[in-house]
Amino acid sequence: MDDDSTADEGTLSVTHPAASDVSLPPREVLSLDYVYDALGHPRRRYLCYTLLEDTEWTLEELATKVAAWERDVPEQGVPPTSYEKAYASLYHAHVPKLVDDDIVTFEECTETIRPGPHAEQVLSALLGMGASVDANQEEHARSDMTDE
């Protein structure tokens, strides 16, 4: 047995020197339960899909995009009440959930949302499962805001 491997009661453990240099997120971040919980609501998935297209959004932009997607109208056609409901939901529930999970960061003074420390793992999972689950949502979320 070489110096990088150890045996302990019938199990083999291999230690790679480079592995200690890699900084992984906490184990719970890599679990499917964590990812599914974070992405369990369509508005949180939508928000994450937008981060795949552009890594910085204002809450106002996201609320407009979410309301347009949910009503299947252009961004300019979003009724004020739909926008307000989407904004309140994102502000009070969905963005804080993603902030608490370190998936996004939220700058209060500018209401700017950016990917957080655990965004890469969640966005990778989203890409892997999104093609068959949320194709229309992903397409809309990753589209530009237009003047249609």
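Colleague: Which residues of α4 are buried?
Modeller: S82, A86, S89, L90, H94, V95 and L98. Buried means under 20% relative accessible area with a 1.4 Å probe, protein chains only. This is a predicted model: local features need pLDDT of at least 70, side-chain atom pairs count only at pLDDT 80 or more, and totals for chains, interfaces and linings use all residues. Numbering runs from 1 along each chain as its sequence is written, and side-chain values use heavy atoms, without hydrogens and water.

Colleague: What covers those buried α4 residues?
Modeller: The cover includes helices α1 (32–38), α2 (42–53) and α3 (59–71), plus strands β4 (104–107) and β5 (112–115). Helices (H or I, at least four residues) and strands (E, at least two) are DSSP runs, numbered from the N terminus.

Colleague: Where is the kink in α4 centred?
Modeller: On L90, at about 45°. The bend is the angle between axes fitted to the seven residues ending at a residue and the seven starting there. L90 is also one of the buried residues.

Colleague: How many disulfides turn up in the whole structure?
Modeller: Zero, taking a disulfide as a pair of cysteine sulfur atoms within 2.5 Å.

Methods. Buried < 20%, exposed > 50% of the residue type's maximum accessible area, 1.4 Å probe, protein only. Contact = heavy atoms within 4.5 Å.
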